[in-house]
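Here are a few exercises to work through with the model open in your viewer. Try each task before you read its solution.

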Amino acid sequence: MLVKTKAIVISSLKFQEKSLIVKCFTLSNGLKSYFVRDAFSSRKASHKIAYFQPLSILEIEAVHKNKGTLENFKEIKNGIPFQTIHTDIVKSTMVMFLSEILHYSIQEEEKNESLFLFLETALTWLDNHDEISNFHLILLLEITKYLGFYPDVSEINLPHFEMNDGIFTFSHGGNVLSEHETNLLKKLIDLKFDNNQKVFHVLERQVLLKILIDYYSFHLEGFKRPKSLEVLKEIFS
């Protein structure tokens, strides 16, 4: 089947000496993996490889056989030509981290148009703004809405947050956040991308990042701690 769709690059892996295996989150079909033959050998190799940087947004034409095997691109265009995301060290580190998160979070080959459109909007915002200290935290929390485990805020005035059930509670112990940690989470829940990005200091962001990584681990089978996490911490320390 010939498909034209937008696609967000989740990961790319060198295969043998000249080729790539590229995992994309597509608007039309959810998660798909593609084989890019001779990605490193043609005259236009550097141009071709540039398409597959983490979280690049592409417009693709591809042949989808839908047999669980690698698919093939017929045509690739830049869907949104980012100006800063892949050249700014902070932003590029952030998208490398977020691409790892998405790699372990989006596991099924099924369409999730609302998640795709949210990510597209969020990445466009990141490309166009400089005050981005909390972007990754807000994004991680918002993604849980589309994956089905956003915190239940119906009892948000209670003092503790229980990680397993994603609810606010009176009790404390086990997988329950302290009152201080819970207050940080409540503050994050209220944040939007355009809010004051300096609302948290460095240590508070680190606490929140750990909470969110742990929260993903509780709710997603096979979720792994991103290798780029330490690099991200270094950038924001």
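**Exercise 1.** Is Leu-55 buried or exposed, and what is its relative accessible area?

Solution. Keep in mind that we're working with a predicted model.
- Start with the location: Leu-55 sits in the loop between helix H1 (45-50) and E4.
- Next, take the relative accessible area, which is 2% for Leu-55. Buried means under 20%, so Leu-55 is buried.
- Now look at the backbone. Most residues other than glycine have a negative phi. Leu-55 has a phi near 65 degrees, a positive value in a residue other than glycine.

**Exercise 2.** Work out how helix H5 and helix H6 are arranged, and list the residues that make the contact.

Solution.
- Begin with the axes: those of H5 (residues 179-189) and H6 (residues 202-219) come within 10 Å and cross at roughly 90 degrees.
- Angles of 65 to 115 degrees count as roughly perpendicular, so H5 is roughly perpendicular to H6.
- Then pick out the residues. H5 brings Glu-181, Leu-184, Leu-185 and Leu-188 to the contact, while H6 brings Glu-204, Val-207, Leu-208, Ile-211 and Leu-212.
- Sort them by class and you get 7 nonpolar, no polar and 2 charged residues.
- For the spacing, recall that an α-helix has 3.6 residues a turn, so residues three or four places apart point the same way.

**Exercise 3.** Compare the span of helix H3 with the expected one, then find what covers the buried residues of H3.

Solution.
- H3 (residues 113-127) has 15 residues. From first C-alpha to last it reaches 21 Å, close to the 21 Å expected at 1.5 Å a residue.
- The buried residues of H3 include Leu-115, Phe-116, Phe-118, Leu-119, Trp-125 and Leu-126. Glu-120 and Asp-127 are buried too.
- Among the elements that cover them are strand E1 (2-15), strand E2 (19-26) and strand E4 (57-63). Helix H2 (89-105) and helix H4 (135-147) also take part.

**Exercise 4.** Which parts of the chain do the ring pairs Phe-149 with Tyr-216 and Phe-161 with Tyr-215 tie together?

Solution.
- The structure holds 16 aromatic pairs. One of them is Phe-149 with Tyr-216, at 5.3 Å centre to centre and 85 degrees between the planes, which is edge-to-face.
- Phe-149 lies in the loop between H4 and strand E6 (160-162) and Tyr-216 lies in helix H6, so this pair ties together parts that are 67 residues apart in sequence. Both Phe-149 and Tyr-216 are buried.
- For Phe-161 and Tyr-215, the ring centres are 5.6 Å apart and the planes are at 65 degrees, so this pair is edge-to-face.
- Phe-161 is in strand E6 and Tyr-215 in helix H6, so the parts tied together here are 54 residues apart in sequence. Phe-161 and Tyr-215 are buried.
- Now widen the view: ring pairs link Tyr-104, Phe-149, Phe-161, Phe-168, Tyr-215, Tyr-216 and Phe-223 into a cluster.

**Exercise 5.** Find the relative accessible areas of Asn-134 and Asn-183.

Solution.
- Asn-134 is in the loop between H3 and H4. Its relative accessible area is 0%, so Asn-134 is buried.
- Leaving aside neighbours within four places in sequence, the contacts of Asn-134 are Leu-191, Asn-196, Gln-197, Lys-198, Val-199, Phe-200 and Arg-205.
- Asn-183 belongs to helix H5. At 40% relative accessible area, Asn-183 is partly exposed.

Conventions
Residues are numbered from 1 along each chain as its sequence is written. This is a predicted model: local features need pLDDT of at least 70, side-chain atom pairs count only at pLDDT 80 or more; totals for chains, interfaces and linings use all residues. Side-chain values use heavy atoms; hydrogens and water are left out. Axes are lines fitted to C-alpha atoms, for helices over the stretch in contact, and angles run from 0 to 180 degrees between N-to-C directions. Helices (H or I, at least four residues) and strands (E, at least two) are DSSP runs, numbered from the N terminus. Angles under 35 degrees count as roughly parallel, over 145 as roughly antiparallel, 65 to 115 as roughly perpendicular and the rest as oblique. Contact means heavy atoms within 4.5 Å. Ala, Val, Leu, Ile, Met, Phe, Trp, Tyr, Cys and Pro count as nonpolar, Asp, Glu, Lys and Arg as charged, and the others, Gly among them, as polar. The expected span of a helix is 1.5 Å times one less than its number of residues. Buried means under 20% relative accessible area, exposed over 50%, partly exposed in between (1.4 Å probe, protein chains only). Rings of Phe, Tyr and Trp (its six-membered ring) pair if their centres lie within 6.5 Å; planes under 30 degrees apart count as stacked, over 60 as edge-to-face and the rest as tilted.
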